[in-house]
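This report covers surface patches and aromatic contacts. The sequence and the structure come first.

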Amino acid sequence: MIIDWLTGTAFQVAGTGTTWAELLGFATGVLNVWLVARQKTANWPIGIANVLLLMLLFWTAGLYADAGLQVVYVALGCYGWWHWLYGGERRSRLTVSRTGQREWLVLATAGVVLTGALWALLDRATDSTVPLPDALTTALSLLATYGQTRKRVESWWLWIAADLIYIPLYAYKGLHLTAVLYLVFLALCVFGLRAWRADLRRVARPSAVPPGPAPVSA
């Protein structure tokens, strides 16, 4: 079966087996984030394939919140794919924008509530050994993905915060290749942040007015 092959060992790192799901998740994950940073719509189908691989990986590692999160990512991936194509003015392609103060307030409230609820659930209903960091990274990732679907430039800061927790978390759980993957993600997030901010400045820059007298009104 395909699941048996994906969960089989491809090679070992530091005495710990690395599965084919983790290896393919590494490859599709790097490609996905690079495409997002370049504002390529192809990032969404690649991202959907990536989260399906990660869902299997996280479930077998006991990261249940992260595994469940991948289901939400599939739905958000479909929404983001559509919204990047038709979410702009008059159903045009979406452009980069900033997160408003009211939107930040809603996101912060949702993040605190979601983290607390997931923490309690994982601590009481599962055998998770890392309930708080699992819950926190899940909440940050959901908020970042929402911002990504809307092309909010600040979504990169949320991804950076999540990656800084993910890297030691995955190393602790023995997912060494995934920890390296998220280190690569961190670098790509910095690149994406710089690229989106540059694009935002370019769009906001006023058009040059040619020299000469002002046009005479009819």
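Which helix gives the largest share of the nonpolar patch? Helix 1 (residues 2–6) does, with three residues.

## Basis

The model is predicted: local features need pLDDT of at least 70, side-chain atom pairs count only at pLDDT 80 or more, and totals for chains, interfaces and linings use all residues. Residues are numbered from 1 along each chain as its sequence is written, and side-chain values use heavy atoms, with hydrogens and water left out.

## Surface patches

I2, I3, W5 and L24 make up the nonpolar surface patch, which covers about 380 Å². Patch members have over 30% relative accessible area and no salt bridge; like charges are joined within 9 Å, and nonpolar side chains (Val, Leu, Ile, Met, Phe, Trp, Tyr) within 5 Å. A salt bridge here is a side-chain nitrogen of Lys or Arg within 4 Å of a carboxyl oxygen of Asp or Glu. Accessible areas come from the Shrake-Rupley method with a 1.4 Å probe, and for residues only the protein chains shown count as cover. I3 belongs to helix 1; helices (H or I, at least four residues) are DSSP runs, numbered from the N terminus. I3 counts as partly exposed because its relative accessibility is 42%, where buried means under 20%, exposed over 50%, and partly exposed in between.

A patch of positive charge on the surface is formed by R194, R197, R201 and R205. Lys and Arg count as positive and Asp and Glu as negative, while His and the chain ends are not counted; the place of a charge is NZ of Lys, CZ of Arg, CG of Asp or CD of Glu. R197 lies in helix 8 (residues 176–204) and is partly exposed, at 37% relative accessibility.

## Aromatic pairs

The structure holds 10 aromatic pairs. Rings of Phe, Tyr and Trp (its six-membered ring) pair if their centres lie within 6.5 Å; planes under 30 degrees apart are stacked, over 60 edge-to-face, and the rest tilted. One of the pairs, W82 and Y86, is tilted, at 6.0 Å centre to centre and 50° between the planes. Because W82 and Y86 are four residues apart in helix 4 (residues 64–86), about one helical turn separates them. W82 is partly exposed at 39% relative accessibility, and Y86 is partly exposed at 38%.

W84 and W196 have ring centres 6.1 Å apart and planes at 55°, so this pair is also tilted. The pair links distant parts of the chain, with W84 in helix 4 and W196 in helix 8, 112 residues apart. W84 is buried, at 1% relative accessible area, and W196 is buried, at 0%.

## Aromatic cluster

F58, Y166, Y170, Y182 and F185 form one aromatic cluster.

Definitions and conventions
Helices (H or I, at least four residues) and strands (E, at least two) are DSSP runs, numbered from the N terminus. Buried means under 20% relative accessible area, exposed over 50%, partly exposed in between (1.4 Å probe, protein chains only).
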